[in-house]
Amino acid sequence: MSKLRVAVLGAKGRIGSEAVRAVEAAEDMELVAALGRGDDLQTLARTGAQVAVELTTPASVMDNLDFCVRHGIHAVVGTTGWTDERLAQLNGWLAASPATGVLIAPNFSIGAVLTMKFAQIAAPYFESVEVVELHHPNKVDAPSGTATRTAQLIAEARRAAGSAPAPDATATGLDGARGASVDGVPVHAIRLRGLLAHQEVLLGGEGETLTVRHDSLHHSSFMPGILLGARRVVSTPGLTFGLEHFLDLN
C-alpha cells in the first residue's frame, strides 16, 4: 500500500515543526515538502503532494489554498481568521475542483473537539452558559477560533431547543467587562504567560453549575487530529468545517 504524500506549509512555526515530525513518524505517510515563508508553492506540485497541512497565517492562507485547490491538492487547515466571505471564496474554488477536499479545523486536539461536543449537548439544559478561553500572550487573535466555534455550536443547540436567552441583569459596565458576544454567548479571552491553550465552558442552572474544561499542555496534542484530518480529507471532497465531522460522534 502506497504512503500518503503529505506536505506541511508553515513548517518552521511551533505547530508546523511539530506537524513535520508527526508526518515523518507516521508509518502510512511520506513527508514530501516542508515549506516556510517565501518558499515556492510549485514545490507542492513538483513533489506530487496529495495533502497539504496548512499552518501559516490569515494573511497567507487564501493564496495557499487557491494554489492547492487549483492543483487538486487536498488541504488540512489550522490557520484561523475565517469569515463568511473567505469561506464563500473557498467554496467557489472547490466548486471548480469537485474532487478536492479541504478540512478547516478550529482545533485539532481531540479533547478540545470533544469539549465542544459536550458543551453543545449540555447547553440546552442550563439557563446560563459562558465560554472562557485562556492562551499564551503571543496569540494574535481573540477570541480563539475554538472558543468562537464552541459559542456558535452552543447557540445553535439552544436555538434548536427553544432555550430562553441567558439571564443577565447587567445595566452598566466597562466595555469588554462581559466579554465578546458570539451569537449571544459571552466569550472571555485571557492572555497569560505560562499558558498554552485552555478552555472552560461554564454552565449554570438553579442550584448547580457544570464546568467543561480542556487543557492543551503541549503542541503535540494537536498531532493526532492533524494526522486524522490528512487521512480522511482525501476521501471527503468539498469543504468540511470542524474535525468533529471526522470523529463519527453522532
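Is Lys 139 buried, partly exposed or exposed, and what is its relative accessible area? In this predicted model, Lys 139 has a relative accessible area of 21% and is therefore partly exposed, since the buried class ends at under 20%.

According to the UniProt record, which is an unreviewed entry, the feature "active site" is placed at His 135 and Lys 139. Both His 135 and Lys 139 belong to the lining of the largest pocket.

The two residues can be set side by side as follows.

| Residue | Relative accessible area | Class |
|---|---|---|
| His 135 | 10% | buried |
| Lys 139 | 21% | partly exposed |

His 135 lies in strand 6, which covers residues 128-135, and because its relative accessibility is 10%, His 135 counts as buried. Leaving aside residues up to four places away in sequence, His 135 is in contact with Ser 144, Ile 190, Arg 191, Leu 192, Leu 195, Leu 196, Ala 197 and His 198. Lys 139, for its part, is found in the loop between strand 6 and helix 6 (145-161), and, with residues up to four places away in sequence again left out, Lys 139 touches Ser 144 and Arg 191.

Together with helix 1 (residues 14-25), strand 1 and strand 2 form a β-α-β unit that is right-handed.

Technical notes. Residues numbered from 1 in each chain as written. Predicted model: local features only at pLDDT ≥ 70, side-chain atom pairs only at ≥ 80, totals over all residues. Heavy atoms only, no water. Right-handed = clockwise from strand over helix to strand, strands pointing away. Helix = DSSP H or I, 4+ residues; strand = E, 2+ residues; numbered from the N terminus. UniProt positions renumbered as here; feature names shortened; annotations may be inferred. 1 Å grid on protein atoms, 1.4 Å probe; cavity = no way out; pocket = protein on both sides within 12 Å on 5 of 7 lines; lining within 4 Å. Buried < 20%, exposed > 50% of the residue type's maximum accessible area, 1.4 Å probe, protein only. Contact = heavy atoms within 4.5 Å.
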